[in-house]
Amino acid sequence: MRIENSFVPAEGIGEGRERSLWESGILTWDEFDSERAPLGPKTGERVESFVAEALERLDDGDARYFGERFPAGETWRFYENFRDEAVFFDIETTGLDAHREDVTTVSFTRDGETTTLIRGENLTAAALREQFRDAPLVVSFNGKQFDVPFLEDNFDVSVDAPHLDLMYPCRRVDLTGGLKSIEAAVGIDRDRPDLSGRDAVRLWYRYARDGDDDALDTLVSYNRDDTENLRNLADVVARRLHDDSLGAIADQSPGIPDPLA
């Protein structure tokens, strides 16, 4: 599924009417023809108006425009278009309260490269802003409720790019629970499957209190695994959502490689 397959941002188009368009053979914006579309004249005009503007915005790479136009639950449709430039991120903290606890490490994966920022070393507001700068799409797991509030409260940074929080599309394909359990359910491996968020807190205090560099190395490795696995999970989930929507009608394969193949 690509942005260009999506008609739901147009006024008067819900998932049912979008499905009717696909079933009539109109699979992309370029193929839209109001005369053969199964829509009334006014709705057809609205779709034509949306398509004209959306094509121009897509040429400009204006992901924020689509973030404002698409329903919140459909951000996964951006993923194929912006996959190579997307920023996958995950944080570790000393606890669950963003007002009282500290962020210890933050890892970012973009275009196959991972960077980790560490409290007391290079974890600063300026460094965070630089990592998020120009990101067309950010990807997390439970980041809307946890990671972003922590970063905003601790560093006064704003994460304003379109945000694909994988916890929600995972639920749409019957993948529930935490990130580690979902990884195991779909067959995504990690180096240290025995570690948890509680272990991450203990590792940080072993480093901060006792100077245990090995504990910090383990914490950083754990945090990096989280972000690197987010891309694999996003690939799996986007492929399944494609198969359940456009793929079920047009018999089109998703344009995202299968990370489990």
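Two residues are in contact when they have heavy atoms within 4.5 Å of each other. By that rule, and not counting residues up to four places away in sequence, Phe7 touches Ile13, Glu18, Leu21, Trp22, Ile26, Leu27, Thr28, Trp29, Phe32, Val47 and Val51. The model is predicted, so local features need pLDDT of at least 70 and side-chain atom pairs count only at pLDDT 80 or more, while totals for chains, interfaces and linings use all residues. Residues are numbered from 1 along each chain as its sequence is written, and side-chain values use heavy atoms, with hydrogens and water left out.

The overall layout comes next. The chain has 11 helices and five strands. Helices (H or I, at least four residues) and strands (E, at least two) are DSSP runs, numbered from the N terminus. Along the principal axes, the C-alpha atoms of the chain fill a box of roughly 70 × 35 × 30 Å. Of the 261 residues in the chain, 50% are buried. Buried means under 20% relative accessible area, exposed means over 50%, and partly exposed lies in between, using a 1.4 Å probe and protein chains only. Among contacts between residues at least 6 apart in sequence, 61% join residues at least 24 apart.

The C-alpha atom of Phe7 is separated by 40 Å from that of Thr124, a residue 117 places away along the chain. Ser6 is also found in the segment before H1. Ser6 has a relative accessible area of 0%, and therefore counts as buried. Leaving aside neighbours within four places in sequence, Ser6 is in contact with Met1, Glu18, Trp29, Phe50, Phe70 and Arg77.

A nonpolar core is a set of buried Ala, Val, Leu, Ile, Met, Phe, Trp, Tyr and Cys residues joined through side-chain atoms within 4.5 Å. The largest such core has 50 residues, and those with the most contacts inside it are Phe7, Trp29, Phe66, Phe141 and Leu233. At least two residues of this core come from each of helix H1 (15-23), helix H2 (41-59), helix H3 (63-69), helix H4 (79-82), helix H7 (167-172), helix H8 (179-186) and helix H10 (213-244). H10 gives the most, with seven residues. Phe141, leaving aside its neighbours within four places in sequence, is in contact with residues including Asp165, Leu166, Met167, Ile182, Leu230 and Leu233. A second, separate core has 22 residues, among them Phe89, Ile91, Leu117 and Ala125.

Charged side chains can also pair. A salt bridge is a side-chain nitrogen of Lys or Arg within 4 Å of a carboxyl oxygen of Asp or Glu, and by this rule the count comes to 22. In one of them, the side chains of Asp226 and Arg190 meet at 2.7 Å, N to O. This pair links distant parts of the chain, 36 residues apart: Asp226 is in helix H10, and Arg190 is in the loop between H8 and H9. Asp226 has a relative accessible area of 3%, so it is buried, and Arg190, at 12%, counts as buried.

Which residue forms a salt bridge with Arg57? The partner is Asp62, with the closest N and O atoms 2.9 Å apart. Arg57 counts as partly exposed because its relative accessibility is 28%, and Asp62 counts as partly exposed at 24%. Arg209 and Asp210 meet in another salt bridge (3.3 Å, N to O). Here Arg209 is exposed, at 59%, whereas Asp210 is partly exposed, at 49%. Glu18, Glu74, Arg77 and Arg172 are linked in a network of salt bridges.

The last feature is a pocket. On a 1 Å grid over the protein atoms alone, a pocket is an open set of points where a 1.4 Å probe fits, with protein on both sides within 12 Å along at least five of seven lines; lining residues have an atom within 4 Å of a point. Grid points are joined across faces, edges and corners, and a volume is the space filled by probe spheres set on the points. The largest pocket has a volume of about 500 Å³. Of its 19 lining residues, the closest to the centre are Glu92, Leu96, Phe146, Gly197 and Tyr222. Strand E1 (87-93), helix H6 (143-155), H8, helix H9 (197-210) and H10 each supply at least two residues of the lining.
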